[in-house]
Amino acid sequence: MLRQSITRPAVIANRALCQRSFSAVAPRMGEGDTGAPRSGGAASSDSFTKREAAQESMYIREKELEKLHNLKKKIGDQRNHLNELEEHIDKLTKEQGGASGRN
């Protein structure tokens with residue numbers, strides 16, 4: 001009985017020590033952090049880093065070109081629509097006997 005009363009609190013105390021965190025602040029990682037920093041710091045770059053940066057740049061460039069193409073297409077559609085409206089206005093003014101000498 002005496003042996004159980006001594007060993008049981010010691011086991012409970014050891015279990016609590018193993019589960020307890022000794023840090024006052026929990027470590028936080030930012031988005032994209034993988035853990036350990038590179039050996040040469042941020043300035044060092046290897047072939048993988050260069051290739052990854054090049055692929056990312058190409059992807060961004062392709063997306064920007066695609067957006068630019070879509071914008072040019074929209075501008076063309078708007079110009080066609082404006083030309084149709086202008087022709088319609090000219091037709092209406094001629095039918096009503098308005099001034100045909102527009103600029």
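**A walk along the helix**

Let's start in residues 68–95: this stretch is 100% helix and 0% strand, and its end C-alpha atoms lie 41 Å apart. The model is a predicted one, where local features need pLDDT of at least 70, side-chain atom pairs count only at pLDDT 80 or more, and totals for chains, interfaces and linings use all residues. Residues are numbered from 1 along each chain as its sequence is written, and side-chain values use heavy atoms, leaving out hydrogens and water.

An unreviewed UniProt entry annotates residues 68–95 as a "coiled-coil region"; such annotations may be inferred rather than shown by experiment.

Now zoom out. The protein chain has 2 helices and 0 strands (DSSP runs: H or I of at least four residues for helices, E of at least two for strands, numbered from the N terminus). Helix 2 takes up residues 47–95. After helix 2 comes glycine 97, with a positive phi near 80°.

What about contacts? The whole structure holds 1 salt bridge, meaning a side-chain nitrogen of Lys or Arg within 4 Å of a carboxyl oxygen of Asp or Glu. Aspartate 77 and lysine 73 form a salt bridge at 3.7 Å, N to O. They sit 4 residues apart in helix 2, so about one helical turn separates them. Aspartate 77 is partly exposed at 41% relative accessible area, while lysine 73 is exposed at 51% (buried is under 20%, exposed over 50%, partly exposed in between, with a 1.4 Å probe and protein chains only). Of the chain's 103 residues, 0% count as buried.
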